[in-house]
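Hello,

Here is the structure I promised to pass on to you. Have a look at it first, and then read my notes below.

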Amino acid sequence: MSEQPSFFSTKAVRTIALLVIFTLGIAIRLYDFTDLPLDFHSTRQMLSMLKARGMYYETRTDVSSEQRSFAIQQWKFRASVEPEFFEKIVAWTYRFTGEQVWVARLYSSMFWIIGGIFLYLLARRLTSVDGALAATAVYLFLPYAVIASRSFQPDPLMTMFIVMFLWAVWEWSSLTPSFGYPSSTERGAGMWSALLAGLFGGLAIFIKFPAAFFVVGGGLGAVLSYRSMKEALKEPHIYLMALIGVLPGAGYLIYGIFVAGYLGQQFSGRFIPTLFLSPSYYIGWLNMLNLVAGGMVLMLALLGLFFFDDKKRRFLFGLWVGYALFGLFFNFHISTHDYYSLPLIPILALSIAPLADSLLSKLAQLTSTNLLRFFAFCLLLLGACASLWNTRNQMNAVDYRPQAAMWAEIHTLTDGYNIAGLTQDYGARMAYWGWQNIGSWPSYGDLLYSSERGGNQKFEEQFNAIISKKELFIVTDFKDFELQPFLREKLKTYPIFAEGDGYVIYQLR
């Protein structure tokens with residue numbers, strides 16, 4: 001592939017193209033930077049927001065004891081599946097910036113950009129500079145990637161470490177194509193690459209356990225690209241990478257299950273065997289893929305696999321198989337939670353690289369003069385900017401800042417009452433901006449999930465259990481409210497305590 005003519009034929013042009021790609025990738029992520037984190041899977045983001053605030057308030061002496069206790073309580077009592085590593089970084093940063101919602105957004109964006117640097121380096125080794133530039137543009141400009149990479153959740157950080165691992169393990173594999181090393185320099189380089197691969201892979205798994213599917217898939221793909229499994233089992237570096245990779249996650253798992261005890265029930269419900277017989281599972285997975293990548297990008301990525309040589313195709317095939325096994329294991333979440341497919345984005349970008357390389361090579365042949373090539377470059381830039389403008393419009397469509405004032409208003413009305421409600425994010429918004437706990441009524445999706453797992457609690461029993469000792473019932477999630485006719489009819493029997501823009505409060509007693 002490197003023998004093909006390059007569209008970005010000089011070092012200066014390549015540098016300019018790379019700077020333009022990363023500048024645009026950073027700029028779009030800085031747009032509307034101070035809006036509230038409610039634009040993307042707000043439930044998950046609010047969980048991290050509450051945890052980070054609790055950690056921050058634990059160090060503060062300039063707030064009331066009630067606020068400090070409430071913030072810490074919200075941190076401690078909410079579920080912990082992944083290590084609270086990202087939240088600790090944000091809480092530490094709050095000491096210098098104050099409690100600002102943009103802090104986490106800045107970190108997540110930075111993680112994704114760093115991942116883009118390593119993806120470029122890897123794609124350049126797998127294809128060429130042209131293919132690497134195209135792959136990096138896909139990784140940074142894909143509309144879903146822009147939105148998701150700004151979110152306060154561990155997935156952007158996990159994806160960064162996955163990409164860094166893939167770069168390191170491919171470097172190691174290409175440095176050690178067969179047994180032994182011809183020189184001490186290459187032996188040392190192979191050792192360092194193995195250490196980095198183990199470290200990055202271990203950190204990815206530590207940040208979020210599902211990363212193991214991509215780390216193992218990519219690792220096996222890289223190993224089998226240059227050697228047989230029999231030869232691989234004799235390679236000491238593989239055992240070194242595996243040991244370093246397993247230790248961080250295993251340590252957290254042992255601590256969480258056997259020492260602290262909070263992880264024991266967090267892994268249930270991720271795998272539901274009956275879903276394999278349900279068409280909704282497969283349709284849901286396809287819907288998530290269409291949301292994350294779009295059918296055209298997915299098709300081009302799969303076609304791109306044919307443009308790799310056999311060794312590199314094995315590497316990419318290992319990544320695709322890892323994603324497929326991941327989706328089969330987390331079968332409920334892969335078909336209902338689009339961000340579970342976030343690590344697929346770098347795989348898509350790498351898979352498209354050789355196809356883009358061939359297209360750019362053909363374009364280089366067709367643009368024989370500098371003027372034609374400049375015009376073609378402008379057209380490519382126009383396409384990228386048009387895509388980013390559409391993403392900008394999506395981010396600009398809703399201003400979530402008034403939500404903070406609404407929840408503060410609700411708190412003023414309900415302070416001193418025991419309350420339940422059907423609200424967004426299981427009452428997390430009330431806890432964060434209203435400084436008040438709320439008994440959360442399950443969403444329509446939760447009711448379906450419970451039904452899939454065999455739950456059969458009757459409405460009256462569930463309603464009475466949740467409103468027991470509650471005086472008010474708040475409704476703010478009206479879309480979900482419309483999907484629950486039993487709840488609507490039940491609440492009609494109670495008087496309205498208060499209502500305003502975005503909420504209705506019923507008086508239960």
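What follows is a short account of the overall fold and of some salt bridges.

Please keep in mind that this is a predicted model. The protein has 24 helices and five strands. Its radius of gyration is 25 Å, close to the 23 Å that the globule rule gives for 509 residues, so the protein is as compact as a globular protein of that length. Along the principal axes, the C-alpha atoms fill a box of roughly 80 × 55 × 55 Å. Of the 509 residues, 52% are buried. If you take the contacts between residues at least 6 apart in sequence, 78% of them join residues at least 24 apart.

Now to the charges. The protein has 40 positive and 36 negative ones, and their mean positions lie 7 Å apart. Searching the whole structure gives 15 salt bridges.

One of them pairs Arg-44 with Glu-82, with 3.2 Å between the closest N and O atoms. This pair links distant parts of the chain: Arg-44 sits in helix 2, while Glu-82 is in the loop between helix 3 and helix 4, 38 residues apart. Both Arg-44 and Glu-82 are buried.

Asp-425 and Arg-429 also form a salt bridge, at 2.5 Å from N to O. Is Asp-425 buried or exposed? Its relative accessible area is 7%, under the 20% cut-off, so Asp-425 is buried. Arg-429 counts as buried too, at 7%.

For the salt bridge between Glu-489 and Lys-492, Glu-489 is partly exposed at 46% and Lys-492 is exposed at 60%.

Finally, look for the salt-bridge network that links Asp-32, Asp-35, Asp-399 and Arg-401.

Best wishes

How values were computed. Residues are numbered from 1 along each chain as its sequence is written. This is a predicted model: local features need pLDDT of at least 70, side-chain atom pairs count only at pLDDT 80 or more; totals for chains, interfaces and linings use all residues. Side-chain values use heavy atoms; hydrogens and water are left out. Helices (H or I, at least four residues) and strands (E, at least two) are DSSP runs, numbered from the N terminus. The radius of gyration is taken over C-alpha atoms; the globule rule is 2.2 Å times the number of residues to the power 0.38. Buried means under 20% relative accessible area, exposed over 50%, partly exposed in between (1.4 Å probe, protein chains only). Contact means heavy atoms within 4.5 Å. Lys and Arg count as positive and Asp and Glu as negative; His and the chain ends are not counted. The place of a charge is taken as NZ of Lys, CZ of Arg, CG of Asp or CD of Glu. A salt bridge is a side-chain nitrogen of Lys or Arg within 4 Å of a carboxyl oxygen of Asp or Glu.
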